[in-house]
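Here is a short tour of one model. Keep the sequence and the 3D view open as you read.

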Amino acid sequence: MKAALWGIGGAGLGLGLMYWTDPRSGRWRRSHLQGKAVHAAHEAGGAVGVVARDLSQRSRGVFFESMRKLHREPVEDLVLEERVRSALGRVCSHPGAIRVMARDGVVRVEGPILREELRRVLPRIGKVQGVHGLDNQLVPYAEGSAHPALQGGTMRSGESRPFFQEHWSPSERLFGALGGLTLTAWGLGRRGVTGTLATLGGVMLSTRAFTNLGLRRLTGMGAGRRAITLHKDINVNAPVEEVFAFWREMQNFPRFMTHVDEVIPGVEGRSHWKVRGPAGLHFEWDAVVTKFVPNKVLAWKSVEGTAVENLGVIHFESTPRGGTRVDIRLSYNPPAGAIGHAFAKLLGADPKKQMDDDLLRFKSLLERGRATGRETVTREQVAPRRMSSRGPLTH
């Protein structure tokens, strides 16, 4: 057994040496790795500085907050009323329906309020600096339709705790990563369900801290079409009318998008997409145009129930020299969210790099009539064959 392990290790070492010392590509690989290492070192140094400053500022904030609580100073009634109104705007959907009056630190609140918001409003008012007492005269209602002042408005979720926020601060990410790694190490040293759950929890917490993505975007559950967002702009030496007309005809996409096999136009702005994914997987979905402004904006999204929910928004802008600036924002939710996105990158499918390469092919296609590495087309073939007045993507 030991001999087999030594043999496998020796074979792996030999293959590694061959990979890095290859006369044809080894020099480039070593140089590329060195550049990556230098970049990672600069990134790490910058991250350490950011975390140190964040920790310093938060420590000062905790100190001054503690001193404020120890030495309470009287607050003017008008100032206190404004502070309470500001707090109401964070936890109440109809703050204008509540009357606020303050006298010598005692706050009186009157008016209608939704019953489900009452349990958030009263504790929040009590936390306002300068409030020493609360006279609650609010009238709760089960539904907004029961009172004119409670109709409409936007529901407020309240102030979330630091670790439950969508984006973590540098300090929170540091402590989250340390806690996740510690929990993972503890779980790996245990057996049974407890160790497995601890390991999974530690890995999830560490991933959450390193990526600074919410659990919805990490797992893809409840993230809709925006688990992963790619943004890119590019200048094309072609009139905006020609560039927009090319994008409008979505069956042109396979000419420069290597992962798109076919886009079949339908009626009323609908289209059917056939796309190749990582590891040779194939996906199909239907999409519909959501915004169409000639020579300015083109947007689409996948229909409900699609395995890979996605959307795209493209803005077109003329440049002073007669070219076109194309601003593209694509969002999608792969299986397992950002975690699935990371595994796809491990398999060699990097959507960001793929998007960059596709847009370079698109630029070459419009400017030279030929997409590098793809089929050759003339400028006449690039221009749309027919411009329909009935709307986008209708034939």
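β1 and strand β2 (residues 106–114) pair in the antiparallel sense over 5 bridges. Two strands count as paired if DSSP finds at least two bridges between them. Helices (H or I, at least four residues) and strands (E, at least two) are DSSP runs, numbered from the N terminus. The bridge partner of Arg-103 is Val-106, in β2.

This is a predicted model: local features need pLDDT of at least 70, side-chain atom pairs count only at pLDDT 80 or more, and totals for chains, interfaces and linings use all residues. Residues are numbered from 1 along each chain as its sequence is written, and side-chain values use heavy atoms, without hydrogens and water.

The open sheet has 3 strands in the order β1-β2-β3, with mixed pairing. β1 and β3 are at the edges with a single partner strand each, so one side of each has no neighbour in the sheet.

| Element | Residues |
|---|---|
| strand β1 | residues 99–103 |
| strand β3 | residues 133–141 |

Now the helices. α5 (residues 170–188) has 19 residues and reaches 27 Å from its first C-alpha to its last.

α5 packs with helix α6 (residues 192–211) at an angle of about 155°, their axes 7 Å apart. Axes are lines fitted to C-alpha atoms, for helices over the stretch in contact (heavy atoms within 4.5 Å), and angles run from 0 to 180 degrees between N-to-C directions. The two helices α5 and α6 are therefore roughly antiparallel, a term for angles over 145 degrees.

Methods
Expected span 1.5 Å × (residues − 1). Parallel < 35°, antiparallel > 145°, perpendicular 65-115°, else oblique.
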